[in-house]
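Subject: Structure handover

Hi,

Here is the structure I promised to pass on. Please open it first, then read the notes below.

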Amino acid sequence: MSEWTRVAELTDVSRRRKKLVALGEERVALFYADGEVFAFRDACVHKGKSLARGTVLHGRVVCPGHQWAFDLRTGQADDREECQPRYEVRVAEGGVWLRPAALAGSAAAAAGVPAAVNSAPPSARSAAPPSAAAPSVPFPAPPTAATQE
Ligand code: FES
């Protein structure tokens with residue numbers, strides 16, 4: 001099952017900097033940083049706290065449970081072996097799209113699975129958003145005032 005699913009409006013994610021969405025039965029935390037969108041499984045790999053309630057800082061999300069920090073691009077926890085599962089993200093038609101299967105963090109990267117943030121689907125056979133053949137939609141300029149929640 002590899003269909004892309006539209007889960008949020010890009011303007012909403014960029015304005016709020018983070019957002020909790022549903023992808024089937026999964027809860028997914030979206031983060032907006034440096035003009036890109038990142039998607040993590042919402043339940044922290046440590047003790048399951050919601051990462052959507054965390055703080056985005058310097059390319060990492062800090063869990064509200066015990067302050068583990070996870071790299072937004074890789075899911076790797078600082079100074080630990082644990083890695084937070086991520087999702088491939090695509091931005092198209094003003095929306096944020098995800099695929100149902102989570103990437104397995106650093107194990108996936110080691111196996112050659114692309115980090116795949118904000119990229120086109122890797123396979124033409126994959127179900128993709130209708131605009132897959134169209135040029136990517138540019139991100140809006142980030143707001144000037146911080147909107148961390
Ligand atoms: S639950 Fe996230 S650091 Fe403990």
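Two strands count as paired if DSSP finds at least two bridges between them. Helices (H or I, at least four residues) and strands (E, at least two) are DSSP runs, numbered from the N terminus.

This is a predicted model, so local features need pLDDT of at least 70 and side-chain atom pairs count only at pLDDT 80 or more, while totals for chains, interfaces and linings use all residues. Residues are numbered from 1 along each chain as its sequence is written.

**Layout**

The chain holds 2 helices and 10 strands. From the N terminus on, the order is β-α-β-β-β-β-β-β-β-β-β-α.

**The open sheet**

Three strands form an open sheet in the order β1-β10-β9, paired antiparallel. β1 (5–9) and β9 (89–92) are the edges: each has a single partner strand, so one side of each has no neighbour in the sheet. The twist averages 35° from one strand to the next. Axes here are lines fitted to C-alpha atoms, for helices over the stretch in contact, and angles run from 0 to 180 degrees between N-to-C directions.

β9 pairs with β10 (residues 95–98) over 4 bridges, in the antiparallel sense. In that pairing, valine 91 stands opposite valine 96 in β10.

β2 (residues 18–23) pairs antiparallel with β3 (residues 26–33) over 6 bridges. Leucine 20 faces alanine 29 in β3. Their hairpin has 2 residues between the strands, and glycine 24 takes a positive phi near 65° there.

β3 also pairs antiparallel with β4, over 6 bridges. Phenylalanine 31 stands opposite phenylalanine 38 in β4. This hairpin, too, has 2 residues between its strands; aspartate 34 takes a positive phi near 50°.

β4 then pairs with β8 (residues 86–87), antiparallel, over 2 bridges. Phenylalanine 40 stands opposite arginine 86 in β8.

**Burial and core**

A residue is buried if 20 or more other C-beta atoms lie within 10 Å of its own, exposed if 12 or fewer, and partly exposed in between; C-beta atoms are placed from the backbone. Of the 149 residues in the chain, 33% are buried. β4 is mostly covered, with 5 of its 6 residues buried.

A nonpolar core is a set of buried Ala, Val, Leu, Ile, Met, Phe, Trp, Tyr and Cys residues joined through C-beta atoms within 7 Å. The largest has 33 residues, and those with the most contacts inside it are Leu30, Phe31, Val37, Ala39, Val89 and Val96. Elements giving two or more residues to this core are α1 (10–16), β3, β4 (36–41), β9 and β10. β3 gives the most, with 5 residues.

**Contacts**

Two residues are in contact if their C-beta atoms, placed from the backbone, lie within 7 Å. Among contacts in the chain with a separation of 6 or more, 52% join residues 24 or more positions apart.

Which residues does phenylalanine 31 touch, not counting residues up to four places away in sequence? They are Arg17, Lys18, Phe38, Val56, Val61 and Leu72.

Lysine 49 sits in the loop between β4 and β5 (55–57). Lysine 49 has 16 other C-beta atoms within 10 Å, so it is partly exposed. Leaving out residues up to four places away in sequence, lysine 49 touches Cys44, Cys63, Pro64 and Gly65. Lysine 49 and histidine 66 are 17 residues apart in sequence and 8.9 Å apart in space, C-alpha to C-alpha.

Best wishes
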